[in-house]
Amino acid sequence: MSSGTYGRYVALGDSQTEGLWDGDDENGLRGWADRLAGQLAELNPELHYANLAVRGRLAHQVRAEQLDAALALEPDLATVVAGMNDLLRPGFDADAVAGELEHMFAALTDAGATVATLTFPDVAKLVPIAKPLTHRVVSLNARIHEAAVRHGVAILETFHHPVTTDPRIWSPDRLHASPLGHERIAAGMAYALGLPGSSADWREPLPPLPSSGSMHFTKTELWWLASFLGPWIGRRVRGRSSGDGRAPKRPDLTPAR
């Protein structure tokens, strides 16, 4: 069990770490990293926290744009979560993505930081048409796990826990966590880090959902295709990213509360 008395926490990553769907751009995003910082601040009120994550970033962009900035902040704790955006691209290369993550693991741990990361859930259980991606998830998860072990990185394993594909912990777009999902990720990260007061409860299943008919399922899938998949494909075709022109929401270490 860790003492949990970290003083300088820096989060690197993409939209999940930025906190999409937990709050909004107008009133501010929260997200699992902010929630984890709140837990850390309960253990050390002097905690300072920075969040360098930017939505839409691929793993190599996270390394290129965020790693040096993170190292300059001299964190004693860092979280590195990236790779889901890569998984969705046609030219996905598990070795290349894992290599980018391992480069960040190595640089941060060599600088004296405790580092935590996570593996990804089975996206096909959330989006049936994504079934061909399952082998990509399994392949990348294995490589993330191996790299984490090599560098002593704490790892939140998600693939085998049914709650991680419960639709209630995901936002309507099925790509980002809901507020409840961000809460569960933060609790899982705290557990992976061995923080005092953390537990394995983060992976407990939610109460069963009432069954719905095939008509409801079909309507839901058609709505999702029109509302989220279509616009996402449109951005890819135009070579656009949801993160174009965006900067980190919290680039400097400031008091977590």
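## Exercises on a predicted model

W21 comes out as partly exposed, because its relative accessibility is 34%. Keep in mind that this is a predicted model, and let's work through some exercises on it.

**Exercise 1. Find the two non-glycine residues listed here with a positive phi, W21 and E74, and work out where they sit and how exposed they are.**

Step 1: start with the background. Most residues other than glycine have a negative phi.

Step 2: check W21. Its phi is positive, about 75 degrees, and it is not a glycine.

Step 3: sort them by accessibility. W21 has 34%, so it is partly exposed. E74 has 57% relative accessibility and therefore counts as exposed, since the exposed class begins over 50%.

**Exercise 2. In what order do the six strands of the open sheet lie, and which strands are at the edges?**

Step 1: write down the order. The open sheet reads β7-β6-β5-β1-β4-β8, and its pairing is mixed.

Step 2: pick out the edges. β7 (154–156) and β8 (250–255) each pair on one side only, which makes them the edge strands.

**Exercise 3. Trace the pairings from β5 through β1 and β4 to β8. Which are parallel and which antiparallel?**

Step 1: Strands of a sheet pair through backbone hydrogen bonds, either parallel or antiparallel.

Step 2: take β1 with β5 (residues 77–81). The two run parallel and are joined by five bridges. One partner pair to look up is Y9 with L77 in β5.

Step 3: With β4 it pairs in the parallel sense over four bridges, and V10 stands opposite A50 in β4.

Step 4: β4 (residues 48–51) and β8 pair in the antiparallel sense, over three bridges. Y49 has T254 in β8 as its bridge partner.

Step 5: ask about cover. Of the six residues in β1 (residues 8–13), five are buried, so the strand is mostly covered.

**Exercise 4. How do helices α2 and α7 cross, and what makes the contact?**

Step 1: Two packed helices are described by the angle between their axes and the distance between the axes.

Step 2: read them off. The axes of α2 (residues 31–43) and α7 (residues 179–193) come within 8 Å and cross at roughly 50 degrees. That angle is why α2 counts as oblique to α7.

Step 3: list the contact residues. α2 supplies G31, W32, R35, L36 and Q39, while the α7 side includes P179, H182, E183 and L193.

Step 4: classify them. The contact has nine nonpolar, three polar and two charged residues.

Step 5: get the hand. α2 passes α7 in a right-handed crossing.

**Exercise 5. How many helices and strands does the chain have, and what percentage of its residues is buried?**

Step 1: count the elements. There are eight helices and eight strands.

Step 2: get the buried share. Of the 257 residues in the chain, 51% are buried.

Step 3: look at contact range. Taking contacts between residues at least 6 apart in sequence, 79% join residues at least 24 apart.

Methods
Residues numbered from 1 in each chain as written. Predicted model: local features only at pLDDT ≥ 70, side-chain atom pairs only at ≥ 80, totals over all residues. Heavy atoms only, no water. Pairing = 2+ DSSP bridges. Axes fitted to C-alpha atoms, helices over the stretch in contact; angles between N-to-C directions. Parallel < 35°, antiparallel > 145°, perpendicular 65-115°, else oblique. Left-handed = near helix turned anticlockwise from the far one by under 90°. Contact = heavy atoms within 4.5 Å. Nonpolar A, V, L, I, M, F, W, Y, C, P; charged D, E, K, R; others polar. Buried < 20%, exposed > 50% of the residue type's maximum accessible area, 1.4 Å probe, protein only.
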